[in-house]
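Welcome! Please have a look at the protein below, and then let us walk through it together.

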Amino acid sequence: MSENILFLPFNQFRGFRVGPNPKLETQNAKLSLTPVKINIYVSYTESDMAVLGKLLHWLYPMRDEINVWFRNPPRPAPPLPTPWKLLFFWYQPPDLLGQYSKVLKAQMERAHIYLFLTNYKSLSDRRIDAEIEIAVTRRVQGAHELNPHIYPVITTPCQWKSHSRLGGY
């Protein structure tokens, strides 16, 4: 009976999904450990860059256990010098922002935890409202075990409970 019990300290057990191994169909099914990384999406405004930096610094030691995603669009490609424009008149630089927006949307749809850095500026930001809409929709429509967690992180005093959809979280 003791051979079916897995003894691990809590810090080694965290971050693994425990379950029976489907390949072993014996009477005493052994447990398999599959590593799982937690996906965290951080939503912020430009005024919260200092708080975002502190948060990323704080989460850095857990980099093996979590993925931290946030909006960090690439800079546009510099324009070609005039002689090169004449030679390569047909050249169009790649649309990095369009590709990045697809990646960001996929990351938002796969996040397990949403952190919303909330201040008085984020209450009126349309981009933040769209991100809240995606998070709340996933929270309401998801299966019980797969519901993402939504956490507002208050960075400055504001009336976020009455002016934001985050008031219920």
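The model is predicted, so local features need pLDDT of at least 70 and side-chain atom pairs count only at pLDDT 80 or more, while totals for chains, interfaces and linings use all residues. Residues are numbered from 1 along each chain as its sequence is written, and side-chain values use heavy atoms, with hydrogens and water left out.

Let us start on the surface. Tyr91 sits in the loop between helix 3 (82-87) and helix 4 (96-110).

Next comes a pair of side chains. Glu131 and Arg127 meet in a salt bridge at 3.1 Å, N to O, where the rule asks for a side-chain nitrogen of Lys or Arg within 4 Å of a carboxyl oxygen of Asp or Glu. The two are four residues apart in helix 5 (residues 126-141), so about one helical turn separates them.

Finally, look inside. The largest cavity (grid points, 1 Å apart, where a 1.4 Å probe fits but cannot get out) is lined by residues including Phe116, Ser122, Asp129 and Leu166. Strand 5 (113-118) and helix 5 each give two or more residues to this lining.

How values were computed:
On a 1 Å grid over the protein atoms alone, a cavity is a set of points where a 1.4 Å probe fits but cannot get out, and a pocket is an open set with protein on both sides within 12 Å along at least five of seven lines; lining residues have an atom within 4 Å of a point.
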